[in-house]
Amino acid sequence: MKIEHYQSKDETEVLNIWMKASEQAHAFAGVGFWCGLVEEMKQVYLPRARTWVCRDGGGVAGFACLVGEGELAALFVAPERQCEGIGTALLDWVKEHSKGMLTVGVYEENPRARAFYERSGFVEIGSRDDELTGSREYRMEWKRDSNQ
């Protein structure tokens, strides 16, 4: 496994991972919901984020996007590669390259992701109804321990 900066040549693999993983983890949004957001992901979100990819076996196995100084806007692993430590490796990388604090939004209907972030040191700091999906989103935060 190797984590590198996102390059334009990664776009198709990153978008495919995002689509497949979103449809799996966020099925509550409805069939085809995420398809309608591919262009926005491509034209708006990827260009404005600092994005890293995890390469394994020559291909992209997952990616993470950081917006601003500390908003973890995306962390997705190809569904067939989940539970192999790729998500943890990407999150550790982002933590190392952050200013010492991260926030992330996790949908209520995705308890697996919420548990992942809790195991990784994130704590819930609030919740809100997400305008895009209408679902409850928990806001979670991680702060670097002063001993790290």
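Author: The turns below go from the whole chain to strands, a helix residue and aromatic rings.

Author: This is a predicted model, in which local features need pLDDT of at least 70, side-chain atom pairs count only at pLDDT 80 or more, and totals for chains, interfaces and linings use all residues. Residues are numbered from 1 along each chain as its sequence is written, and side-chain values use heavy atoms, with hydrogens and water left out.

Reader: How many helices and strands does the protein chain have?

Author: Helices (H or I, at least four residues) and strands (E, at least two) are DSSP runs, numbered from the N terminus. Here the protein chain has 4 helices and 7 strands, in the order β-α-α-β-β-β-α-β-α-β-β from the N terminus on.

Reader: Why is strand β2 described as largely enclosed?

Author: Buried means under 20% relative accessible area, exposed means over 50%, and partly exposed lies in between (1.4 Å probe, protein chains only). Strand β2 (residues 50-56) is largely enclosed by the rest of the structure because 5 of its 7 residues are buried. Across the 148 residues of the protein chain, 43% count as buried.

Reader: Which strands are joined to β2 by bridges?

Author: Two strands pair if DSSP finds at least two bridges between them. Strand β1 (residues 2-5) is joined to β2 by 4 bridges, and the two run antiparallel; I3 stands opposite C54 in β2. Between β2 and strand β3 (residues 59-67) there are 7 bridges, again antiparallel, and D56 stands opposite G59 in β3. The hairpin of β2 and β3 has 2 residues between the strands, and G57 takes a positive phi near 65 degrees there.

Reader: What does E11 touch, not counting residues up to four places away in sequence?

Author: Contact means heavy atoms within 4.5 Å. E11, found in helix α1 (residues 11-25), touches Y6 and K42 on that count. E11 and K42 are 31 residues apart in sequence, with 7.8 Å between their C-alpha atoms. At 23% relative accessibility, E11 counts as partly exposed.

Reader: How many aromatic pairs are found in the whole structure?

Author: A pair of aromatic rings is described by the distance of the centres and the angle of the planes. Rings of Phe, Tyr and Trp (its six-membered ring) pair if their centres lie within 6.5 Å; planes under 30 degrees apart count as stacked, over 60 as edge-to-face and the rest as tilted. The search finds 3 aromatic pairs. In one of them, F63 and F76 are stacked, 5.7 Å centre to centre with 25 degrees between the planes. This pair links distant parts of the chain, with F63 in strand β3 and F76 in strand β4 (residues 71-77), 13 residues apart.
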